[in-house]
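Open the model in your viewer and keep the selection tool at hand. The tour goes from the ligand to a cavity and then to a helix.

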Amino acid sequence: MSERKRVVVVGAGFAGMSVAKKLAGKDVDVVLIDKRNHHLFQPLLYQVATADLSPAEIAWPVRSIFSRSANVSVFMGEVTGIDLDGKRIIGGDRELGYDFLVLATGAVTSYFGKNHWARAAPGLKNISEATDIRKRLLLAFERAENSEDEAEKRKLLNFVVVGGGPTGVEMAGAIAELAKQALSHDFRRIDPRDANIILAEGGPKLLAAFPDDLSDYTQKSLETMGVDVRLGQQVSDITVEGAKIGDDFIPSANVIWAAGVEVPDLKDWTEKPVDRGGRVIVESDLSLPGYDNVFVIGDAAHVKWGNDQTVPGIAPAAKQQGKYVAGRILDVLKGQSTPPFKYSHAGNLATIGRHRAVIDLNGFKIKGWLAWWIWGLAHIYFLIGIRAPALVMVQWVWSYLFRKKGARLITGSDAQSKP
Ligand SMILES: Cc1cc2nc3c(=O)[nH]c(=O)nc-3n(C[C@H](O)[C@H](O)[C@H](O)COP(=O)(O)OP(=O)(O)OC[C@H]3O[C@@H](n4cnc5c(N)ncnc54)[C@H](O)[C@@H]3O)c2cc1C
């Protein structure tokens, strides 16, 4: 009788989860390791950051998701290195052997070498960053209400979002709705509708991956919502005082960074070629060059698509890669071959506030409220894929559509407005 093989999966994001789900109940032992105890639905992070949803509505304990899968063990811990030839992963002073290794560690916020901007301009990649942004946004209104100084009030009510991709567009739209609708009647000494929301993008259009007419529609929609969209303007400095956009310095206590991501660590761990964003360049079966039992998937991998494109860093791509690699491992164990990974791109979508979205389904374009509903249904479908029974979904849709005020709580040790 042959010994059961151990598959170690590092990262319980979309990619790692889909490997573990497909291997659950199969004749292998799966060890799923993540430095966090939860799987996070990153596409809805901006709604936590803008106080539309609470963290528990977009994150679930990994352990509970696999509680009925006897062959899947979950470990909370940070992997710090790999011994490829010894087939071991390293986490601090502990080591664990593997037969197959799947690296699905995702990406982190990149400040393009200006890491000192992080203090003044948080990124949006995890729950603590989202709740930090939420606290900053809500405190800004509270402090402005308390302030006697007009310049300080202006600085507090200037909101700058850097980066005009989907996250920047979603953040700017959601902040505009927070200021101009949700909070509009809650203050007496300030009018939250006076908030300036600036969206700065260095390129010539918003949503670079979308067709021009959808980018134009997005820009006009945001402008109608009161967002000042600045295209072709580089952000050259960010401090706690504000941001320099093109030739203007905008005093702001609220700068949010939505401009880029990079993959840390894997270049050092694997000593294999990576692209400019640190993503490991993998083989056509998503394996690490020279190691057919080690795979890199999701945002951490540079995967060729067609002749000259790379697979985008989006959730459906990560899930497809996860499923493929689980199938590949099962094929290897059966002594079967597997065709190369083939990415299937359904399209691009982005929301602009609560009522509008843009969708490009490989050339078939939809915009406005219909696109928003399709966006909503697509996310519900994805969420159901992770865990949730129908009732949880109904609660989620309800709380999103009808604004749950509980998500607007300011918490944490520094959650007090200075008089
Ligand atoms: C704000 C935001 C909005 C987005 N919106 C969309 C959207 O609308 N649609 C869409 O399709 N995609 C969207 N994306 C992109 C999408 O979320 C990613 O493409 C997807 O999460 C990638 O999945 P992944 O499994 O590769 O990485 P991740 O989901 O990032 O998961 C990586 C996991 O690895 C863990 N990890 C990392 N390093 C270690 C380590 N050393 N040891 C242990 N664990 C580790 C992390 O804790 C994490 O759980 C968005 C991303 C962000 C940040």
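Which backbone atom of phenylalanine 14 lies 3.1 Å from an oxygen atom of the ligand, and of what element class is it? It is a backbone N or O atom. Keep in mind that this is a predicted model.

Next, select aspartate 34 and glutamine 42. A polar side-chain atom of aspartate 34 lies 2.6 Å from an oxygen atom of the ligand. For glutamine 42, a polar side-chain atom is 2.8 Å from a ligand oxygen atom. The ligand on its own exposes 990 Å², and the protein buries 91% of that.

Now show the whole shell around the ligand. It holds 28 residues, and the closest are Ala15, Asp34, Gln42, Asp299 and Ala315. By type, the shell residues divide into 13 nonpolar, 9 polar and 6 charged. Colour helices α1 (14-23) and α9 (315-334): each supplies at least two residues of the shell. The largest share, 3 residues, comes from α9.

Move on to the cavity. The count is 1 cavity of 30 Å³ or more, and the largest cavity has a volume of about 30 Å³. To find the largest cavity, select its lining: Arg279, Gly298, Asp299, Ala301, Val303, Val311, Pro312, Gly313 and Gln321. That lining is made up of 4 nonpolar, 3 polar and 2 charged residues. Asp299 is part of the lining and also among the closest residues to the ligand.

Last stop: select helix α7 (residues 212-224), where aspartate 216 lies. Is aspartate 216 buried, partly exposed or exposed? Its relative accessible area is 37%, so aspartate 216 is partly exposed.

Technical notes: Residues are numbered from 1 along each chain as its sequence is written. This is a predicted model: local features need pLDDT of at least 70, side-chain atom pairs count only at pLDDT 80 or more; totals for chains, interfaces and linings use all residues. Side-chain values use heavy atoms; hydrogens and water are left out. On a 1 Å grid over the protein atoms alone, a cavity is a set of points where a 1.4 Å probe fits but cannot get out, and a pocket is an open set with protein on both sides within 12 Å along at least five of seven lines; lining residues have an atom within 4 Å of a point. Grid points are joined across faces, edges and corners, and a volume is the space filled by probe spheres set on the points. Ala, Val, Leu, Ile, Met, Phe, Trp, Tyr, Cys and Pro count as nonpolar, Asp, Glu, Lys and Arg as charged, and the others, Gly among them, as polar. Helices (H or I, at least four residues) and strands (E, at least two) are DSSP runs, numbered from the N terminus. Buried means under 20% relative accessible area, exposed over 50%, partly exposed in between (1.4 Å probe, protein chains only). A residue is near a molecule or strand if one of its heavy atoms lies within 4 Å of it. A polar contact is a pair of N or O atoms within 3.5 Å; within protein, one must be able to donate a hydrogen and the other to accept it, and residues adjacent in sequence count only if both atoms are side-chain atoms. Accessible areas come from the Shrake-Rupley method with a 1.4 Å probe; for residues, only the protein chains shown count as cover.
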